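Hi,

Here is the structure I promised to pass on. Have a look at it first, and then read my notes below.

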Amino acid sequence: MVIESLSVHPCFKTLDPESCRVLDRQCTWLKTPAGAWVIGQADDDRDVYFVIMGRLRVALQGARQDLAFTELEAGSFFGELGALEDGPGSLSAFAADDSTLAKMPSAVFVQTMFNHRPLGEAVVATLVVRNRAMTRKVAEAAHIYGNHLPSVGPTPGRPGQSRLDVRADVRHIGTNHRRARQWS
């Protein structure tokens, strides 16, 4: 069974059929066999992927090993951060099962997200879930490492000034958006 319509994806179920067909024509449809990479770190990809059928694993490719973060099933999407930041994504994804995906250009995604409320709500909900998961991981790390995480807060500077006392690698996250995306 071959499905090449966003109408089966939860984010687009409320979209009228003609609007959905217009979006379908703007997507590139990918049929990816199990074990094949959908997107890799070297790609300069800002598009958003909607998983129509199948299952993917999202990973960070490393010099020594790949680190799998999560699995995405039909009804999921990824790549939204790259589209919203207008920068390439940093994670890779490979098909755990034979999969069908709709690859939507970032400009189409951003416009649709602001014009189609269910998609906008799904993106916000996904970002909230990811933020909470990351917050839990930081709290667990603080507990595991005996609360020895770097302090972030005002420290005395010259009169009338305050500065942040933040370790270089933590400060680097705030200024290097590509590295920050790798951790999200």
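In which segment is His9 found? His9 sits in the segment before α1 (17–26). Before I go on, some ground rules: this is a predicted model, where local features need pLDDT of at least 70 and side-chain atom pairs count only at pLDDT 80 or more, while totals for chains, interfaces and linings use all residues. Residues are numbered from 1 along each chain as its sequence is written, and side-chain values use heavy atoms, with hydrogens and water left out.

First, the overview. The protein has six helices and 10 strands; these are DSSP runs numbered from the N terminus, with at least four residues (H or I) for a helix and at least two (E) for a strand. Of the 184 residues, 34% are buried, where buried means under 20% relative accessible area, with a 1.4 Å probe and protein chains only. Take the contacts (heavy atoms within 4.5 Å) between residues at least 6 apart in sequence: 70% of them join residues at least 24 apart.

Back to His9. With 1% relative accessibility, His9 counts as buried. Leaving out residues up to four places away in sequence, His9 touches Phe50, Val51, Ile52, Gly75, Ser76 and Phe77. A polar atom of the His9 side chain lies 2.9 Å from the backbone oxygen of Ser76.

Now the strands. Five of the six residues of β8 (residues 99–104) are buried, so this strand is largely enclosed by the rest of the structure. Two strands pair if DSSP finds at least two bridges between them. Strand β1 (residues 28–32) runs antiparallel to β8, with five bridges joining them; Leu30 has Leu101 in β8 as its bridge partner. Strand β3 also pairs with β8 in the antiparallel sense, over five bridges, and here Phe50 is partnered with Ala102 in β8.

Searching the whole structure turns up five aromatic pairs. Here rings of Phe, Tyr and Trp (its six-membered ring) pair if their centres lie within 6.5 Å, and planes under 30 degrees apart count as stacked, over 60 as edge-to-face and the rest as tilted. One of them is Tyr49 with Phe78: the ring centres are 4.9 Å apart and the planes are at 5°, so this pair is stacked. Tyr49 lies in strand β3 and Phe78 in strand β6, so the pair ties together parts that are 29 residues apart in sequence. Tyr49 and Phe78 are both buried. Another pair is Phe50 with Phe109, with centres 6.4 Å apart and planes at 45°, so that one is tilted. Phe50 belongs to strand β3 and Phe109 to helix α3, so this pair links parts 59 residues apart in sequence. Phe50 is buried at 0% relative accessibility, and Phe109 is also buried at 0%. Ring pairs join Phe12, Phe50, Phe77 and Phe109 into a cluster.

Last, helix α4 (residues 117–144). Its 28 residues, at 1.5 Å a residue, should span 40 Å, and the end C-alpha atoms are 40 Å apart, which agrees. (The expected span is 1.5 Å times one less than the number of residues.) Buried residues in α4 are Leu119, Gly120, Ala122, Val123 and Ala142. Their cover includes β3 (48–53), β6 (77–78), α2 (80–85) and α3 (106–115).

Cheers

Notes:
Buried < 20%, exposed > 50% of the residue type's maximum accessible area, 1.4 Å probe, protein only. Polar contact = N/O pair within 3.5 Å; in protein donor to acceptor, adjacent residues only side chain to side chain.
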